[in-house]
Amino acid sequence: MSPSMTALRRPTQSAPEIAAPKNSDGSLLRVENLRVEFRTPAGPVPAVDGVTFDLAPGEILGIVGESGSGKSVALSSIVGLTRGEASGISGSAHFGGLDLITASEKELRKVRGRDIGMVFQNPMTSLNPVRTIGTQLAEAISLHYKGLSRSELKDRVIAALRQVGVPAAEKRLGQYAHEFSGGMQQRAMIAMALVNSPRLVIADEPTTALDVTIQAQVLDLLVQARDELGASIIIVTHDLGVLAEIADRIVVMYAGRMVESGSVYDIFDRPRHPYTERLQACLPSLETPRKRLLTVAGQAPVLGARPSGCAFHPRCFLASDICFTEDPASTTVGDGHVASCHHSDLMAAHVKEDL
Ligand SMILES: Nc1ncnc2c1ncn2[C@@H]1O[C@H](COP(=O)(O)OP(=O)(O)O)[C@@H](O)[C@H]1O
Ligand SMILES: [Mg+2]
């Protein structure tokens, strides 16, 4: 059994809290109409266009879509990490009353690593190769919480490593990232993300580079962070299967836009966008393991070559004339369930037939 995360309460000598732990509507994070453009030879093109969702305290939201659909750009823009590269960022992302899109760099630096922990696909992008794991974790704490003694810091660092299941934590403090296996590096990065007991953890493809058993362990750690710290989690993945077990709600992205969002049950049992249904069909099943085609047929559009009308129409089994010319509006198709498809009604019938 892994040690309890309650060992990791916020240090008592705390830095000033964010303005309020929640937004005025009770959400922890509310993203509205996020749009992020990059310069291309053909002019500015949005890589993310109209992403809108909210996240309740303690909720796990999954964002899924093929490579290039704008998942990482959306996530990193929310924490201000695309400011240097994007040619335009608009919309809002209210977190504890602060709009992260318009917040100053100074405000963002206070929030990142303290109220928002970040986990990425490749631990080596977050771990410094020339500093020991212990030093890095201690710095991650002392950056936000001043005045802790060396021994308090060390205790917290050890607790953080134990919490994520790093064995012999005391001994491993003095080691460098390269002395850790891939799975242990990922654990160290999660320890770094959780060390200040953040309210929100954002994880971008945290399990993609890992083998299946370690994938499951990493997902367990994220669920544990939710259960024991009450953290909300956004997990980005190209693999819908990763979300089946842990997500409360799912956002499906295609070519920079949200094509469907809803509860995990809506997305798995009653998908109303053909793309969502195709992503599901790619999941290996028990009866036909590995025999199925494991990708959605056809190619996702590249930036700047968005098809007219509904961007999914060239790959869609339901496409009709209107799909070639008219962009579908997002429509509420159920309680908390939204889809952008001209044929979401047909989809409902199609899914029923399958049952
Ligand atoms: N810094 C950048 N400059 C230009 N284009 C970018 C930049 N970052 C990402 N993109 C483009 O934005 C699109 C979305 O990328 P990304 O969010 O990384 O996709 P995903 O995470 O869903 O695989 C891609 O077409 C990618 O090439
Ligand atoms: Mg990505």
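**Close-up views of a predicted model**

**View 1. The side chain of R30 is in polar contact with the side chain of D25.** The distance for this R30–D25 pair is 2.9 Å. The model shown is a predicted one. R30 belongs to strand β1, which covers residues 29-40. The side chain of R30 also makes a polar contact with the side chain of E32, here at 3.4 Å.

**View 2. The surroundings of R30 bring together residues from several stretches of the sequence.** With residues up to four places away in sequence left out, R30 touches N23 and D25, F53 and D54, and S92, A93 and H94.

**View 3. A salt bridge links the side chains of R315 and E66.** The N to O distance in this salt bridge is 2.9 Å. Between domain 1 and domain 2 the count is one salt bridge. Residue pairs in polar contact between domain 1 and domain 2 number two, with both residues of each pair at pLDDT 80 or more. On the side of domain 1 that touches domain 2, two elements give two or more residues each, namely β2 (43-55) and α8 (240-246). The element that gives the most to that side is β2, with three residues. Sorted by class, that side of domain 1 holds five nonpolar residues, two polar residues and two charged residues.

**View 4. Domain 1 and domain 2 bury about 710 Å² between them.** Carbon and sulfur atoms account for 71% of this area. In domain 1, the residues that lose the most area to domain 2 are V45, E66 and L240, which together make up 63% of what that side buries. The contact involves nine residues of domain 1 and ten residues of domain 2. The domain assignment places domain 1 at residues 5-247 and domain 2 at residues 274-354. The centres of the two domains, taken over C-alpha atoms, are 30 Å apart.

View 5. The C-alpha trace of the chain spans about 70 × 50 × 40 Å along its principal axes.

Note on methods. Residues numbered from 1 in each chain as written. Chains lettered and ligands numbered in written order. Heavy atoms only, no water. Domains from an automatic or database assignment. Contact = heavy atoms within 4.5 Å. Buried area = accessible area lost by both parts, 1.4 Å probe. Salt bridge = Lys/Arg side-chain N within 4 Å of Asp/Glu carboxyl O. Polar contact = N/O pair within 3.5 Å; in protein donor to acceptor, adjacent residues only side chain to side chain. Helix = DSSP H or I, 4+ residues; strand = E, 2+ residues; numbered from the N terminus. Nonpolar A, V, L, I, M, F, W, Y, C, P; charged D, E, K, R; others polar.
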